[in-house]
Amino acid sequence: MEAIQNFLSDLVPVLQALGVFLGAYLVLLWAASVLWAYRDIRRRSEDVSVQVLAVGLVLLLPFVGIPLHLILRPPQTLSEKYERSLEEEYLRNDIEEKYVCPECQRPIEPDFILCPHCNTSLRRRCSGCARVVDLTWSICPYCGDDGTTASRQAPTVQASNYRPSVEKTTR
Ligand SMILES: [Zn+2]
Ligand SMILES: [Zn+2]
């Protein structure tokens, strides 16, 4: 009987030390979670009231505050948001560059010859194969026409009536 009492009295300081250790451990975990929440919310929001709310939540509700914070925090970090906005802007510019009149900046179709808004010449129609080619190209990439063959061939084509004479005058 005395042996059991002695054992229990020996056990008390051990249990006390264990309790202190566990308590310190939990406090450390809680402090770390508050620090983590503070860093995390600063990466996600520049709004001071949002930062105070998030840190206060984790501070006042130890351990329960972290899952709550994970649910309530802004889904994107500021750098992710910034990257996404850059990406969207880049995509927008890419589309605009391809299909915008160089004169009036209004939307056009890629195969337009004239801008329907300001009548600027955008492309020319090849006199050899009638396909739309760039104004800066000296030779048609589809049929090799460089502008001289058409004028030489034009009379014979016209004579054989393969093509209406209107085609020639539009050049
Ligand atoms: Zn235009
Ligand atoms: Zn051509």
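The expected span of a helix is 1.5 Å times one less than its number of residues. Helices (H or I, at least four residues) and strands (E, at least two) are DSSP runs, numbered from the N terminus. For the 43 residues of helix 1, at 1.5 Å a residue, the span should be 63 Å, and the end C-alpha atoms are 63 Å apart, which agrees.

The model is predicted: local features need pLDDT of at least 70, side-chain atom pairs count only at pLDDT 80 or more, and totals for chains, interfaces and linings use all residues. Residues are numbered from 1 along each chain as its sequence is written, while chains are lettered from A and ligands numbered from 1 in the order in which they are written.

The chain holds six helices and two strands, in the order α-α-α-α-β-β-α-α from the N terminus on. The average pLDDT (the predictor's confidence in each residue, from 0 to 100) is 83, and 82% of the residues score at least 70.

| Stretch | pLDDT | Contacts beyond near neighbours in sequence |
|---|---|---|
| Residues 152-162 | below 50 | six contacts |
| Residues 165-171 | below 50 | four contacts |

Two residues are in contact if their C-beta atoms, placed from the backbone, lie within 7 Å. Of the contacts between residues at least 6 apart in sequence, 18% join residues at least 24 apart.

A residue is buried if 20 or more other C-beta atoms lie within 10 Å of its own, exposed if 12 or fewer, and partly exposed in between, with C-beta atoms placed from the backbone. Buried residues are 8% of the 171 in the chain. In helix 1 the number buried is four of 43, so this helix lies largely in the open. Those four are Val34, Ala37, Ile41 and Arg44.

A nonpolar core is a set of buried Ala, Val, Leu, Ile, Met, Phe, Trp, Tyr and Cys residues joined through C-beta atoms within 7 Å. The largest has six residues: Val34, Ala37, Ile41, Ala54, Val55 and Val58. Helix 1 (2-44) and helix 2 (48-60) each give at least two residues to this core.

Thr120 sits in the loop between helix 4 (78-98) and strand 1 (123-125). Thr120 counts as partly exposed because it has 14 C-beta neighbours inside 10 Å. Setting aside neighbours within four places in sequence, Thr120 contacts Cys101, Glu103, Leu114 and Cys115. The C-alpha atoms of Thr120 and Pro102 are 8.6 Å apart, with the two residues 18 apart in sequence.
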